[in-house]
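Hello,

Here is the structure I promised to pass on to you. Please open it beside this message, and then read on for what turned up.

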Amino acid sequence: MTEHDRPDPATEAFITHRNLLFTVAYEMLGSAADAEDVLQETWLRWAAVDLGTVRDRRAYLVRITTRQALTRLRTLGRRKESYVGPWLPEPLLTTPDVAEDVELADSVSMAMLLVLETLAPVERAVFVLREVFDLAYDEIAEAVGKSPAAVRQIAHRARLHVAARRPRDIVSPAETRAALAAFQQAVETGELQSLLDVLAPDVVALSDGGGLRRAVPRPVVGAGKVARLMAVGLSKTGARMSAEPVQVNGCPALIIRIDGKIDGVMAVRVEDGLISGLYFVRNPEKLSRVERETVLSR
């Protein structure tokens, strides 16, 4: 590439850090569509910045993205209040390197994103920037409009909140794959006992149809109830149903197809070798990112 062909410095910096910025926005919002909107807003503001005044372009871009994501997060909160049934994050078909980065994979897992949903907007931003992206407290303070001392307190409070709700241990990908393979076999056979064998006694199942697809309107708790619900649902689909193992949000998951068309994504949370959380996204507006890989980075 010649000097004439190179993008201008602002564009080059944005392209260089785009995957990072998308990951920041997605972890704060749980929605790829909204994360893309945030990136567009970030670019518009970045393009107007005098680069001569910018000491650290990466930090400056993260700051703009965080502020835009916080604004969007408050809007999303209002939108979720009128959402039909349980709300689940938008699943992403991720590249193999995401699964290799255990901390990144854990941070974007469906289970963790649901935990982050229980944080206040600023707490979520501080937790993500500190725990996932390891930003300094003074950088985070500039991004969220708080003092470094206040950010330290918010980070401490958010860590305690998340620690009380996240899985006890980070499960190895191999253990998750083994549990998912057993679950896949049970799904494909539709045998009630096979389903019971792979579900934790206190398993919680959530399904998100967004009012556009049929879904259970409330969480279903307990292995017996979840297994019976699935067995009944599977009996209605018959041989038209298939389950494909994939990497979703850095973790093993299943794409469910009916008559060859994507019907939904099943992500799982595994503890002690059993499935303790089952997340079934059927809302068609949330399934566009499972047909092509999304690159995440930190």
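Let me start inside the fold: Tyr26 is buried, with a relative accessible area of 0%. Please keep in mind that this is a predicted model, so every value here is computed from predicted coordinates.

**Aromatic pairs**

What does Tyr26 pair with? Its partner is Phe22, and the two rings are stacked, with 6.2 Å from centre to centre and 5 degrees between the planes. Both residues belong to helix H1 (residues 9-29), where they are four residues apart, about one turn of the helix. Phe22 has a relative accessibility of 2%, and because buried means under 20%, Phe22 counts as buried too.

This is one of three aromatic pairs in the structure. Another is made by Trp46 and Tyr60: their ring centres are 5.8 Å apart and their planes stand at 50 degrees, so this pair is tilted. Trp46 is part of helix H2 (residues 32-46) while Tyr60 is part of helix H3 (residues 57-81), so the pair ties together parts that are 14 residues apart in sequence.

**Charges over rings**

Two more spots are worth a look on your screen. Lys80 lies over the face of Trp87, 3.9 Å from the ring centre. Further along, Arg130 has its charged end over the ring of Tyr137, at 4.2 Å from the centre of that ring.

**Strand E1 and its partners**

Now please turn to strand E1, which spans residues 199-208. E1 is mostly covered, with seven of its 10 residues buried. Which strands does E1 pair with, and in which direction do they run? One partner is strand E6 (residues 274-281), which runs parallel to E1 and is joined to it by six bridges. To find this pairing in the model, look for Asp208, whose bridge partner in E6 is Val281. Another partner is strand E2 (residues 220-221), which runs antiparallel to E1 and is joined to it by two bridges. Here you can look for Val204, whose bridge partner in E2 is Val221.

Happy browsing, and do write back with any questions.

Best wishes

Note on methods: Residues are numbered from 1 along each chain as its sequence is written. This is a predicted model: local features need pLDDT of at least 70, side-chain atom pairs count only at pLDDT 80 or more; totals for chains, interfaces and linings use all residues. Side-chain values use heavy atoms; hydrogens and water are left out. Buried means under 20% relative accessible area, exposed over 50%, partly exposed in between (1.4 Å probe, protein chains only). Two strands pair if DSSP finds at least two bridges between them. Rings of Phe, Tyr and Trp (its six-membered ring) pair if their centres lie within 6.5 Å; planes under 30 degrees apart count as stacked, over 60 as edge-to-face and the rest as tilted. A charge sits over a ring if NZ of Lys or CZ of Arg is within 6 Å of the ring centre and within 35 degrees of the ring normal.
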